[in-house]
Amino acid sequence: VTGSGRKTVKTTESGPLADERIEFSGKVIASISHELKNALATVGESAGLLSDLLKEPEVDDELRQEMRTCGETISDELKRAFAIIRNLNTFAHTADEALRETDIARMTELIATLSGYRSNARPVHVEDPTGGAAKVHTCPLLYQDLVYGILLAAFRLRGQNDPIEVTIGSREGGAEIRFRELGSNRLDEVLAEPERRILGMLHGGVTLDAEAGVLEVRLPPSIETGNDPDAGGTHE
Amino acid sequence: VRVLLVDDEERFVSVLTKRLRLRGIDAEFALSGDAALAAARERRFDVALLDVKMPGMGGIELRRRLEALSPGMKFLFVTGHGSRDDYEAGTTEGAIYVAKPIEIDDLIEVIGRYGPGDGEREEDREDD
């Protein structure tokens, strides 16, 4: 058992929390802009190809099909771009309140999608057998930062494209988030120092079942009043 | 000029390849570093247009491997990031950096500057 260097999250915007939020937001927004640029670049090239094809002197069936494909690609990539903008909007509103009632499954799904932008779309599957019941009063942005860090570390450790499975649970009013197949059985690798520090700010706990390859992160019902039921922070 | 485009954004790279072909450039695309290396073993390319960030092998590492496989090949880097790090990585050792969105005429002008390489081609290899 090791301590996790707990710090209290306050609603004031100063000190380590503010620094953490700014750094994390910057990383995520950069990855979103990259993804958006890719979608729009494809729209631009497809429109360019359509324009090229329209200059052809004769239009046969093959050319007509090519033009149709261009139109479909433009439509699909615009949908993709709007989905990215929706995620950007949702992410931006995460910072509206430092602390709030947080739907852990929805927040985990969002950050899984955002981590895919950063890591070239490695898949993360989020399962929520609680049906949305895992809700805790916490700092959503710090929670996102924590999950983002865990997933990016896993992508680095695994070096492959097999999906990471995340399962949401609920216990005694708190939330449990289990990550499978993270690519290492060492706690210092799957939960590096920055993520441990964030977990401490969230008053959460963690257990690594090395044999099963499962990392369980726990959050208390309220960051302001409660601690992780298995108080003590980090277990291995 | 034979051009190899490498990008994990399949729609983007396939459409760009078609646009180059319509302009008389012999272009092929690959969706990963490994696929690019396989293509370069089959055919000789004069120019490679590489995405800087791809899953697995990124453009910078791929350049090293392609250079070892095909001495004389020229490189352009393309990225959606447009960051200083990418720019510095892409412009090292004389490579040219191209940011998305790509202007097709500008790209063709840059490719034209390189021209065909002077190394042996695939047909020559097969005759050996």
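**A chat about the model**

Mentor: Let's start with one residue: Glu172(A) sits in the loop between β4 (164–171) and β5 (174–180) of chain A. Keep in mind that this is a predicted model.

Trainee: Okay, what's phi like at Glu172(A)?
Mentor: Phi is positive there, about 50°, although Glu172(A) is not a glycine. Most residues other than glycine have a negative phi.

Trainee: And is Glu172(A) buried or exposed?
Mentor: Exposed, with a relative accessible area of 64%.

Trainee: What about His203(A), where is that?
Mentor: His203(A) is in the loop between α6 (193–201) and β6 (205–209) of chain A. Its phi is near 60°, again a positive value in a residue other than glycine.

Trainee: Buried or exposed, that His203(A)?
Mentor: His203(A) is buried, because its relative accessible area is 14% and the cut-off for buried is under 20%.

Trainee: Let's zoom out. How many helices and strands does chain A have?
Mentor: Six helices and eight strands. From the N terminus on, they run α-α-β-α-β-β-α-β-β-α-α-β-β-β.

Trainee: How much of chain A is buried?
Mentor: Buried residues make up 50% of its 236 residues. The accessible surface of chain A comes to about 10,800 Å², and 50% of that belongs to carbon and sulfur atoms.

Trainee: What about contacts along the chain?
Mentor: Take the contacts in chain A with a separation of 6 or more: residues 24 or more positions apart account for 75% of them.

Trainee: Which residues touch the most other members in the largest nonpolar core?
Mentor: That core has 54 residues, and those touching the most other members are Ile104(A), Leu114(A), Ile177(A), Phe179(A), Leu202(A), Leu215(A) and Val217(A). Helix α4 (residues 140–158) of chain A gives the most to this core, with 11 residues.

Trainee: Pick one. What does Leu202(A) touch?
Mentor: Leaving out residues up to four places away in sequence, its contacts include Thr138(A), Cys139(A), Leu142(A), Tyr143(A) and Leu146(A). Leu219(A), Pro220(A) and Ile223(A) are also among them.

Trainee: Now confidence. What's the average pLDDT of chain A?
Mentor: It averages 86, and 84% of the residues score at least 70. Among the elements of chain A, strand β3 (residues 135–138) has the highest mean pLDDT, 96, and strand β8 (residues 234–235) has the lowest, 52.

Trainee: Where in chain A is the pLDDT below 50?
Mentor: Over residues 1–13 of chain A. That stretch has 38 contacts in the model beyond near neighbours in sequence. Where pLDDT is low, though, the predicted coordinates should not be read in detail.

Trainee: Switching to chain B. In what order do the strands of its open sheet come?
Mentor: The five strands go β2-β1-β3-β4-β5, with parallel pairing. The edge strands are β2 (26–30) and β5 (96–99) of chain B, each pairing on one side only. Neighbouring strands are turned by 20° against each other on average, direction ignored.

Trainee: How many bridges join β1 to β3 in chain B?
Mentor: Four, between residues 2–6 and residues 47–51. As one example, Val6(B) has Leu50(B) as its bridge partner in β3(B).

Trainee: Which strands does helix α2 of chain B touch?
Mentor: Helix α2 (residues 33–42) packs on the sheet, touching β1 and β2 of chain B. Its direction makes about 160° with that of β1(B).

Trainee: Last one: what kind of peptide bond joins Lys100(B) and Pro101(B)?
Mentor: A cis one, with omega about 0°. Most peptide bonds are trans. Pro101(B) is found in the loop between β5 and α5 (104–114) of chain B.

Key
Residues numbered from 1 in each chain as written. Chains lettered and ligands numbered in written order. Predicted model: local features only at pLDDT ≥ 70, side-chain atom pairs only at ≥ 80, totals over all residues. Heavy atoms only, no water. Pairing = 2+ DSSP bridges. Helix = DSSP H or I, 4+ residues; strand = E, 2+ residues; numbered from the N terminus. Axes fitted to C-alpha atoms, helices over the stretch in contact; angles between N-to-C directions. Contact = heavy atoms within 4.5 Å. Core = buried A, V, L, I, M, F, W, Y, C linked by side-chain atoms within 4.5 Å. Buried < 20%, exposed > 50% of the residue type's maximum accessible area, 1.4 Å probe, protein only. pLDDT = per-residue confidence, 0-100. Areas by Shrake-Rupley, 256 points an atom, 1.4 Å probe, with all protein chains shown as cover.
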